[in-house]
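Please keep the sequence and the three-dimensional view at hand while reading.

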Amino acid sequence: MDQDRRNDWIWFGSLWAIFSAIGFYLVLGIDLLPAQWAHEAEIVDDAYILLMGLSIPIFAGVAAALLTSLLRFRVQVDDIPTEDGPPVHNNRNFVRLWVASTLILALMITVNPGFIGIAELRGEPSADIVVEVQAQRWSWKVNYENGAETFNQLYLPADRRVRFDITSLDLVHSFWIPGFRVKIDAVPGRVTYLYVTPEGVGSFEDDFNLRVQCAEICGLGHAQMAMPVTVLSPADFDAWVTDLAEGA
Amino acid sequence: MRQLLRAVIFGILGYLIGATLTWLVRGGSLGDEVCVVFGYVVGLVGWLFGIGMGDTWVREWFGLPARESDVTGWKRYLGFSTDHKVIGVQYLATFIVVLLLGGVAAMIIRFELAQAGEGILNADRYNQVMSMHGILMVAVAVAAILGSFGNYLVPIMIGADDMAFPRLNAVTFWLIPPVAIGLLAAPTLGSFDAGWTAYPPLSVVNNGGQILFVLAVTTFGLSSILGGLNVITTIVTMRAPGMTWGRLPIFVWAAFAASMISLLTTQFFAASLVLIAMDRVAGTVFFDGGAGGDPLLYQHLFWFYSHPAVYVMVLPGFGLVLETITHMSRKPLFAYKAVVVSLLTIAGLSVIVWAHHMFTSGMAEYLHGPFMFATEMISVPTGVIFLSAMATLWRGKLWMKTPLFFAMIWIFQFLMGGVTGIFLADVVTDVSLHDSYFVVAHFHYTIMGGMIFAFLTGIFFWFPKITGRMINDRLGIIFALWLTIGFQLTFLPQFWLGTNGMNRRIADYPDQLEGANLFSSISAFFLGGSFLLLIYILLSAARRGPKAGDNPWNASTLEWQVSSPPPEHNFSGQPTVVGHPYGYGTADSRHAEFAGMTAVGLAEPEQAGTGEGGDNE
Amino acid sequence: MAMTTTPEAVHSRAEATYRPAANRLGLWLFLASETFLFSAFISSRFVVSGTDQPEHLNQGLALLLTLLLLWSSISAFRAEAAMAHDNRRLFHREMLTTIVLGALFLVGVGVEFNEALTDFPANTIYGSSFFMLIGLHAFHVLTGILALGVVWNLGRLGHYGSDNHWPVEGVVKYWHFVDLMWVAIYPTLYLFGGS
Ligand code: HEM
Ligand SMILES: [Cu+2]
Ligand SMILES: [Cu+2]
């Protein structure tokens, strides 16, 4: 390899290293994700950060290749180009290597956070409590196991695994709690499920992402189709839900 | 002109006749959706009859000779021309206008979103403007490159004198104006507000404008199918002698792969819309969960087309960008065969990944894994495209004119789109990100970054061929940088907005998200401004740009060996293809020859020094 | 080989070489595309209502319609063969037979629709699929009849001969295709499932 070509690769390598370093610094140094309010949020965020971590060297590599090309391979042309580049049509081994590495990378992320993440997120199909949710333009109705019912308010116990049974009376809506990082559509004629284990005690007043937000367009009130979520300690929750059922 | 006038009159008459007859038969009022449906259908027939089918096909059906249009000059562009170059330019002009219209809607949307709370638009109006923006832009994305460059370049590149079915080609284009009219007329019936995806039951119960959406978009689908059919037939049957499959310019391959997709999957979108129309006007219950129907049926049908559709958008873009890169860096396209295999693999895989849009839809969970896996696999052939682009640049002789600038920026923009797509293909992260602004940012990187940037690459690269004039390169580069910076500043913050709890398709959002939204809006206006520069660049170059000559880039493929713009029927003699399309750097390499060929697209090897190789008188 | 010719001469020479292949491929692509349209609707039927069937289905009429259509395919085939052998009279007769059979089919569909309106109206899920599929198919039969009519008329006027009858061939292929789609729709609605 002659000196000139070696220099190309040195440029590329150094730029790649620099860009990757900047990338990692930015991604890991800055808090990009909001507060986690559920066990599921940790799983999702871990997957997110893993994918971010994997993409940084990819971005950095492409950016480095482009910048190296721009800086080292540009030529001054007056009128019409008279000089061609080297007649390289292919480099089979390089293509094979490239395909193999992208394939391995794709398989890797399919396994983790892919399949492993799905298994973790879904967990066991068992729940401590079941909460029924009914969507109807543009509000939510919530039924708890003991007959208690709330309207546009969702109360949950911390550290208990909750199953939501969700349906809709009119259109497709979507039940999204950004603080929990989970969502599932509410579909007329079907019941959809969602498992979450809230963590930490708090309410919409503490974090606006502790809310159920409709995420599937449903007309006029779509943006406002949200209800605050309040996570209580298990004891407080039990007291609250019994009070409500008896008061009713 | 005469044809156009006649078409408009017949179209209107047809509408009135269809609507009135329906009204007479069934009563009710003239504004009922059934009347609109039949009015539209008869109107469409009238329009097509008036624009030129009446002069050609219909006369032949009755055994009369066709009356070919004899207009010349610029008037051809306003009539039923069967010349593929005219049709290509018609597409180009039409979709630039639609792009600008969609852009105006985008500016209105971002103005509304600059601040939390209700501003200039109430929630209803917002949904309508957003839906209009979405469907106009999707139409641009699907048809702009294939329609304009597909028509203009494919026949010349393969050494043919026109498309296989020139009249069908004209009909394909003239189906587009009714689409635009249908969509833009929707406000008369109360607009459509269900987004471009038009999910039922919302799209079954909302305002009457939705029926116009359904009709217009179905028409658009018909146009896509016919266009795809024509491109494929042309490529298969009309290649010049010697133009083997291994010598096709890469854009032709890309157009071929994309056309395959539109030919075979668009039906599913049409079918899903027809079912909506039936639910609306015929009283069927396909999407009525209460009566045994299933809203998810629509989503399956819809995405069975609409995921492949994103490849209809970007595959031709790949083609334009790769062409530009190989010509402007004066190196053969790296790994040509692998790229071809990748294009076809992407087209094949694209039909088995649709349900990655439905991970949170409530469909059966055992489907999640397979669809995630299939989706991740698409990154492998897509990676090959990136490899080819970058390896072609590597050690080339980069002639940094505007088209190459755009092509290189494209690589990075589309990479952003592709990598963020992995987040949405992964079930775990998608459960959080689906239907949030993360998705909005993602698809703008893929569609705007991947398709519009490629479209602009193509416009800047082939402008001299189409108009015979050069573009002001300095302004072109300023535009490229302006657009890119504006684009990044507008859409980068939206990834953050998505992860931080902003859902899409909303006119109002929590106050805490105001800062990033304001930033994105201001950047969007900055971005929007750059298009004024584009218009100036194009118009001023078309009117008084310096003459381009036949082969200003000294490129090797066939379209550069004919005059700019190319003559009628393209070639003065039958072209014969004798070699690889991108023989850069190889002495005496020739792609094709034909009688009367003037320009020669390859520079002599460095030491030859006779200096005549690249001349083009 | 590089003789100087006018573009127009090149144009018509090229046209002669690719035209038959282009026509044929174009038609096959169109039929492939149509197949996907039908499969979208047929699969919708299975997605929304599985193989459920209503109690009253006029099986006799459906069988009759199937036979009509199959017969018409045979006569269409014979018409094409007749033209290939320049046998105008036979072409004329078989074409007419095909068109009449197609029209009878449409009449049958009308009867069928009328019964369906009371037995399983459009606002039941089977009724939805029924009207959609039969309607789609009937529309294709209608276009087929119109196309047959055009070709029949042009054949009568002497526009075709044994070496020049692509439109006849094309329309007849389309007719076979429409027939084939019925062969898929008929079991979808009448035979699968049920009691
Ligand atoms: C001028 C720059 C642009 C800006 C500022 C912009 C902005 C927006 C905004 C704010 C939305 C609403 C997102 C939501 O609430 O879901 C949107 C939606 C959309 N945009 Fe753009 N956009 C631009 C250009 C484009 C281009 C060039 C394309 C495609 C070629 C495009 C395609 C779409 C689509 C498909 C939607 C989805 C509409 C729907 O959800 O039905 N946009 N855009
Ligand atoms: Cu909603
Ligand atoms: Cu997709």
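In chain C, buried residues make up 49% of the 195 residues. The model discussed here is predicted, and every value in this report is computed from it.

**Chain C and chain B**

Chain C contains five helices and zero strands. Read from the N terminus, its elements follow the order α-α-α-α-α. The radius of gyration of chain C is 21 Å, well over the 16 Å that the globule rule gives for 195 residues, so chain C is more spread out than a compact globule. The C-alpha trace of chain C spans about 75 × 40 × 20 Å along its principal axes. Among the contacts in chain C between residues at least 6 apart in sequence, 80% join residues at least 24 apart.

Chain B has 18 helices and two strands. For its 617 residues, a compact globule would have a radius of gyration near 25 Å, and the 24 Å of chain B agrees with this. The table sets out some values for the two chains.

| Chain | Residues | Buried | Radius of gyration | Span of the C-alpha trace |
|---|---|---|---|---|
| Chain B | 617 residues | 69% buried | 24 Å | about 80 × 65 × 45 Å |
| Chain C | 195 residues | 49% buried | 21 Å | about 75 × 40 × 20 Å |

In chain B, residues 24 or more positions apart account for 79% of the contacts with a separation of 6 or more.

**How the chains meet**

Two pairs of chains are in contact, and chains A and B share the most contacts. Chain A and chain C are joined by no contact, and their closest C-alpha atoms lie 12 Å apart.

**The surroundings of ligand 1**

Which residues come nearest to ligand 1? Of the 25 residues around this ligand, they are His133(B), Trp196(B), His444(B), Arg504(B) and Arg505(B). Three of these residues can be described through individual atom pairs. A backbone N or O atom of Trp196(B) lies 2.5 Å from an oxygen atom of ligand 1. In the side chain of His444(B), an N or O atom is 2.7 Å from a nitrogen atom of the ligand. In the side chain of Arg504(B), an N or O atom is 2.6 Å from an oxygen atom of the ligand.

The shell can also be read by helix. In chain B, helix H4 (84–113), helix H5 (123–157), helix H16 (437–467) and helix H18 (514–544) each supply at least two residues. Helix H16(B) gives the most, with seven residues.

**The copper site**

Three histidines coordinate the copper ion (ligand 3): His307(B) through ND1, His356(B) through NE2 and His357(B) through NE2, at 1.6 to 2.0 Å. Along the chain, these donors follow the spacing H-x48-H-H. The pair His307(B) and His356(B) links distant parts of the chain, being 49 residues apart. His307(B) is in helix H11 (residues 295–328) of chain B, whereas His356(B) is in the loop between helix H12 (336–349) and helix H13 (368–393). Are these two residues buried or exposed? Both His307(B) and His356(B) are buried.

Ser342(B) is found in helix H12 of chain B. Its relative accessible area is 5%, which is under the 20% limit, so Ser342(B) is buried. The side chain of Ser342(B) reaches the backbone oxygen of Ala338(B) at 2.7 Å. Leaving aside neighbours within four places in sequence, Ser342(B) is in contact with Pro381(B), Val384(B) and Ile385(B).

The next two residues lie in one loop. Asn554(B) is in the loop between H18 and strand E1 (576–577) of chain B, and Pro546(B) also lies in the loop between H18 and E1. Why does Asn554(B) count as buried? Asn554(B) counts as buried because its relative accessibility is 0%. Pro546(B), by contrast, has 53% relative accessibility and therefore counts as exposed.

The C-alpha atoms of Asn554(B) and His327(B) are separated by 8.1 Å, although the residues are 227 apart along the chain. Pro546(B) and Pro464(B) are 82 residues apart along the chain, and their C-alpha atoms are separated by 9.5 Å. Not counting residues up to four places away in sequence, Pro546(B) touches Gly468(B), Arg469(B) and Met470(B).

Note on methods:
Residues numbered from 1 in each chain as written. Chains lettered and ligands numbered in written order. Predicted model: local features only at pLDDT ≥ 70, side-chain atom pairs only at ≥ 80, totals over all residues. Heavy atoms only, no water. Near = heavy atom within 4 Å. Polar contact = N/O pair within 3.5 Å; in protein donor to acceptor, adjacent residues only side chain to side chain. Helix = DSSP H or I, 4+ residues; strand = E, 2+ residues; numbered from the N terminus. Contact = heavy atoms within 4.5 Å. Donors = N, O, S within 2.8 Å, 3.2 Å for Na, K, Ca; no water. Buried < 20%, exposed > 50% of the residue type's maximum accessible area, 1.4 Å probe, protein only. Rg over C-alpha atoms; globule rule 2.2 N^0.38 Å.
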